Amino acid sequence: MDLKISEHNGPVWTIAFYALGSKSKATKEAEKLRKKNWNGHIASLAAYGSANNKALWLVYVGPYGLDEETQLRADLASIKKKIRKKAYAVTIGAHGTRRQFNDPDGAVRHVQPKPTPPAAA
C-alpha cells in the first residue's frame, strides 16, 4: 500500500483523504478505499519537506500523472460526492513544492512549505 514515492520522484497527483498519526490506522483506511474499488494507498509525510516533514501518514487515492488532471478532477468530484467531502487533490514528490486544489473545478494553488526554524544553539 505504500508505494514509497520519494520527495525526489514525481511530482504526482493524489486525492488526499486523511493524515493520520498511525501507520496501522492509515493502512485500515486505505483498505476501506480499496474495498470501494478506489486505488487507496498510504505515504509517510516524514520525509516530505513540502508537508513540513510531519510525522503523519497520508491516506490517498492515486497516483495520477500530471497529464491526468482531467481524470483526477472527475474522480475528486465523485469522491467528494460519495465518500468524503473534505477530500482534496495534492501533489507529492517534487522536492519541496506542493500544488493542491479542493474544488474539482477550482484553480491549482502552489503551496510553499513553512520555513524550518533554525536549530537551537
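Is T14 buried or exposed? T14 has a relative accessibility of 0%, so the residue counts as buried; buried means under 20% relative accessible area, exposed means over 50%, and partly exposed lies in between, with a 1.4 Å probe and protein chains only.

Good morning, colleagues. Before I continue, a word on the model. It is predicted: local features need pLDDT of at least 70, side-chain atom pairs count only at pLDDT 80 or more, and totals for chains, interfaces and linings use all residues. Residues are numbered from 1 along each chain as its sequence is written, and side-chain values use heavy atoms, with hydrogens and water left out.

Let me turn to the overall architecture. The protein has 2 helices and 6 strands, arranged from the N terminus as β-α-β-β-α-β-β-β. Helices (H or I, at least four residues) and strands (E, at least two) are DSSP runs, numbered from the N terminus. Of the 121 residues in the protein, 37% are buried. The exposed surface comes to about 7200 Å², of which carbon and sulfur atoms supply 52%; these areas come from the Shrake-Rupley method with a 1.4 Å probe, and for residues only the protein chains shown count as cover.

Contact here means heavy atoms within 4.5 Å. Among the contacts with a separation of 6 or more, 64% are between residues 24 or more positions apart.

I return now to T14, which sits in strand β1, residues 12-20. Leaving aside residues up to four places away in sequence, T14 touches L58, Y60, V61, Y64, L72, Y88, A89, V90 and I92.

Which strands pair with β3? Two strands pair if DSSP finds at least two bridges between them. β1 and β3 are antiparallel and share 6 bridges, with L20 opposite W57 of β3. Strand β2, residues 40-44, also runs antiparallel to β3 and is joined to it by 5 bridges; there, G40 stands opposite V61.

Thank you for your attention.
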